[in-house]
There are 4 protein chains.
Amino acid sequence: MELGMIGLGRMGGNMAQRLIKSGHRVVGFDPSTERVKEMVRLGVIGAASISELIDKLVSPRAIWCMVPSGQPTEDTVHELGGLLSPGDTIIDGGNSNYKDSIRRAGNLAEKGISFLDAGTSGGIWGLDEGYSLMVGGDADAYRRIEPVFRSLAPSSEKGVGYVGPSGAGHFVKMVHNGIEYGLMEAYAEGFELLRAKADFNLDLTQIAGIWRYGSVVRSWLLDLVELALKEDPGLKNIRAFVEDSGEGKWTVQESLDLDVPLPVIVAALQVRFRSRQDQPFGNKLLVALRNKFGGHRIKTE
Amino acid sequence: MELGMIGLGRMGGNMAQRLIKSGHRVVGFDPSTERVKEMVRLGVIGAASISELIDKLVSPRAIWCMVPSGQPTEDTVHELGGLLSPGDTIIDGGNSNYKDSIRRAGNLAEKGISFLDAGTSGGIWGLDEGYSLMVGGDADAYRRIEPVFRSLAPSSEKGVGYVGPSGAGHFVKMVHNGIEYGLMEAYAEGFELLRAKADFNLDLTQIAGIWRYGSVVRSWLLDLVELALKEDPGLKNIRAFVEDSGEGKWTVQESLDLDVPLPVIVAALQVRFRSRQDQPFGNKLLVALRNKFGGHRIKTE
Amino acid sequence: MELGMIGLGRMGGNMAQRLIKSGHRVVGFDPSTERVKEMVRLGVIGAASISELIDKLVSPRAIWCMVPSGQPTEDTVHELGGLLSPGDTIIDGGNSNYKDSIRRAGNLAEKGISFLDAGTSGGIWGLDEGYSLMVGGDADAYRRIEPVFRSLAPSSEKGVGYVGPSGAGHFVKMVHNGIEYGLMEAYAEGFELLRAKADFNLDLTQIAGIWRYGSVVRSWLLDLVELALKEDPGLKNIRAFVEDSGEGKWTVQESLDLDVPLPVIVAALQVRFRSRQDQPFGNKLLVALRNKFGGHRIKTE
Amino acid sequence: MELGMIGLGRMGGNMAQRLIKSGHRVVGFDPSTERVKEMVRLGVIGAASISELIDKLVSPRAIWCMVPSGQPTEDTVHELGGLLSPGDTIIDGGNSNYKDSIRRAGNLAEKGISFLDAGTSGGIWGLDEGYSLMVGGDADAYRRIEPVFRSLAPSSEKGVGYVGPSGAGHFVKMVHNGIEYGLMEAYAEGFELLRAKADFNLDLTQIAGIWRYGSVVRSWLLDLVELALKEDPGLKNIRAFVEDSGEGKWTVQESLDLDVPLPVIVAALQVRFRSRQDQPFGNKLLVALRNKFGGHRIKTE
């Protein structure tokens, strides 16, 4: 079938390629004309604007937005809402907050436009390995576009599914990322402890490799641990400054709304906050208090 | 080659079978004569006692202990120490504390007996999929017995390795299990949150299935999540009472000795402690305090 | 001076009494006419409605709202906004979210009405011991009403202050309550551990009493711990079901907005969530997973 | 009555002074002869050695050890055990591990010497405000020496008590310090958050002062917070490097032995571990993983 793809960056560009390989027709737009040109060379039908992209698609259209979450997605969906026709479908494959997706779906429904929130996992490996897709929204629209989802997925039967009403797709993706924070931190702590046991002088790369086969902790993330350690066993060229991209926070906020304790996911998020602090004031206050009640010495900076 | 196997339970029995399939000669002993008979039917050469097992092996012997950690392992290794000859090797494949392994290796070395601490992961799946093996101790002994390790592993090149001096194998296995606690809890929290979002009425089994392919959180544990949910989607027949088997605690103790924060692994362990409490006194004290300062009402049992 | 008091419940009624004892004139209104009558007996000048309360005060008026946060406060402030005159002041002494206070102050400022957000701590003990007051908003209004604040405080010089612009008072109170969660849980855990050490058979009431004098952990909350344990040493008549009233959650939400790790406060909040769960699904999943990979037995409910 | 005091440092010296003020006769020894001389000027009867100290006391003797925990206490108690007579009593007022105290009491009991483990809180303020004392061991010995305990306490009736058999005193003190970790961290987090809310530009010293009177979070530690902030509002001269002195770790170890979750106390301890790490390897691994799966950029050091 055919699909419009807005956003031809690392994610959108790779998805377009994966679709073309499966025989789909992809019309693509990106704010960077240079990027559009590159993708045209790879088989994408280029568009110089969103309206041109729409013109190059036959009704009922399906348009995938793969732009940064927040304002860029808001703007793109809004513009599309003004240009598309009843029966058309917008798919948001980005990491939008599920509440925004519910709102957007409601607004578009008033115009007869369908909206699918497609939680998408797989990162830069998706081009070759396929994307895990958890899709919420209009069930009829999902069925109509199913061939696209199945081509993006690791296989036509696996790693893809319609999970519920509008918002459900991005909600499931949000929880997915919360879990991801916990998994990553569990490995990080384990390797930290292995390294701290200096008298064993353990080869962390070797251990990651051993665990990848037959062990209870084998996983795709562990495959990446070995990959990273092979390149730089001491991780010397990396600064311990860990970003977060929102879904972890949203997961914690949701746990507050639903009164559900998530001790591991919250701890994993807070480790990242802490990694970005230098000389926390609260820690200094602990030092000051120890000095005040016990006369313990203070180290000055 | 040939190997003595002491302990023919779920783990030891399966390992014996896997070795026999690879052409090794396995002499086996178990306190249960019934169990020995069953294993003889599967190709094991039975022994009625540890000393008989030793007699049926040719020097330099290799004897694998697969008995519960703690006193049973202590007793078995001690008995073997009194019966074996210089040049023989004992392998402890159980979940022993690495400090015990260092001590045992030291005692045995005085008698010229080698000791290997072989951290073993894979559980009841190891028979078919192979075991992940992280081995510490005498490097020469490791090389001598390497064919056995390679046959137990998922493949002759993967999932197995010599990781360092005595204790290193069980230390690495301990950390492995600490990571396992964190990974399991991360998934548990995610599915808890998916379920708490009642308005989406999500199909958790389906979601586990989707995530298994192409997603960042795919792993062997996630495969098991799907398996468990397929059998009992609401987990209705399970009591939320989570045991721990020691390695998680040892990991946390080690973090105290090495001054390494492990927020996720500690949290995961504490979740299990909490699951075994009913009406915690500390929680009651919170209720009493809220009543005392704010007049908040107390629910009686 | 004189003050209008809206809400004559446990908090508002006590505050009215404390003000009357200091010689202030208090006009009071409460939805319950019975409650108004009781307070009239204690010296309050009763009003049958908010508009009557306003009529009984001389410009520039000062009206203290001591009603539940959320919708009741929203409604009361809104009604007052329609009835008061420029130069009048509304004080919100409840546990409102500071963002609501900023919004309300902005709306009222357009009408020339001042708004003070007065974080108030002290609970049911405030009548006798005074209230700790952290006030944000219009600095001129604060100075005008300062005699009221100083009479409510434990002493005219202590436990009271103007802390910053609109919202600052309720923000500081929110953090106060976040700290309170952490403090309470620290004591709860300590007493839980004392009790778990069964072989010492410790007298927790005695220990609370000892610690109250001279120790590093002495505090007002500890005074209440002793009080509660004296009444019911085993806390047998209390169900371990711990409510939270919002400020703890807001503190955690704020930490997410500001990227500040608050491991203790978050943990304390999650303990409360957990106390309200029965047979958590996530815990069941851990049991199921242990069974799947290790054959560990499942307890059925 | 009379008491021998071994160790005349900050703690022991102050205790000796407090006892002398109450009319007790104190014979003191310290490895530093200079320190002994100073204390003689303050009324202590000096001894040049432990045996001289013993000679200057009348049977049944009571000797208080106030030396660092661990080896120094072990050595001192051992030496005393060889020199004292049946009926004499040793009091260990230091922060010894309660298991050591149980062992020491057992060894001394064989010689007819009593042993009391006296958990002591109050730090450098104890001289003026008195010490909180939680005492375990031989109940008869406690009664014999009670006048000394009552003089050290804040008042003869308060802040002091016999809490149980040998080890109970140091166990209770250990839990006290565990709670202390949690309380300190709760305040530290609160003030960290207040400071992070930069747009309110809050005066933390003022807020600490307000909270000290009438609020739910008032405590002695909060008094010290205000004191510390008054001296250095931005804590600029303090390095955020927080030591721990053992009791926090022991509390966590005990929770592992007793299967009791202590989320707040553990978190508080781990904050201190973290404060002493620079560029944690685990954090770097998170950065590496994010780069591997999502192409997120790595900051180099």
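Is Glu52(C) buried, partly exposed or exposed? Glu52(C) is partly exposed, at 27% relative accessibility. The scale is this: buried is under 20% relative accessible area, exposed is over 50%, and partly exposed is in between, with a 1.4 Å probe and protein chains only. The partner is Lys56(C), and their side chains meet in a salt bridge, 3.0 Å from N to O. Lys56(C) is also partly exposed, with a relative accessible area of 30%. By salt bridge I mean a side-chain nitrogen of Lys or Arg within 4 Å of a carboxyl oxygen of Asp or Glu.

Ground rules. This is a predicted model, where local features need pLDDT of at least 70, side-chain atom pairs count only at pLDDT 80 or more, and totals for chains, interfaces and linings use all residues. Residues are numbered from 1 along each chain as its sequence is written, chains are lettered from A and ligands numbered from 1 in the order written, and side-chain values use heavy atoms, leaving out hydrogens and water.

Now chain A. It has 13 helices and eight strands. These are DSSP runs, numbered from the N terminus: helices are H or I with at least four residues, strands are E with at least two. The C-alpha atoms fill a box of roughly 75 × 40 × 35 Å along the principal axes. Of the 301 residues in chain A, 64% are buried. Take contacts, meaning heavy atoms within 4.5 Å. Among those between residues at least 6 apart in sequence, 63% join residues at least 24 apart.

On to the interfaces. Between chains A and B, 66 residues of chain A are in contact with 66 of chain B. The two chains bury about 5,600 Å² between them, 76% of it on carbon and sulfur atoms. Buried area here is the accessible area, with a 1.4 Å probe, that two parts lose on being put together, summed over both. Leu193(A), Phe200(A) and Val216(A) supply 13% of the area that chain A buries against chain B, more than any other three residues.

Chains A and C next. That contact takes 20 residues from each of chain A and chain C. They bury about 1,600 Å², with 63% of it on carbon and sulfur atoms.

Salt bridges across those interfaces. Chains A and B share four. Chains A and C also have four. With chain C, Asp259(A) pairs with Lys249(C), closest N and O atoms 2.6 Å apart. With chain B, Lys197(A) pairs with Glu254(B) at 3.5 Å. Then there is Arg218(A) with Glu129(B), at 2.5 Å. Arg218(A) sits in the loop between helix 9 (204–211) and helix 10 (220–231) of chain A, and Glu129(B) is in helix 6 (residues 126–129) of chain B. Which end is buried? Arg218(A) is, at 13% relative accessibility. Glu129(B) is partly exposed, at 32%.

Inside chain A, Arg276(A) and Asp244(A) form a salt bridge at 2.9 Å, N to O. Arg276(A) lies in the loop between helix 12 (263–275) and helix 13 (281–294), and Asp244(A) in the loop between helix 10 and helix 11 (247–258), so the pair ties together parts 32 residues apart in sequence. Asp244(A) is buried, at 15%. Arg276(A) is partly exposed, at 21%.

Last, a network. Salt bridges link Glu74(A), Asp92(A), Asp100(A), Arg103(A) and Arg104(A). Over all chains, the structure holds 84 salt bridges.
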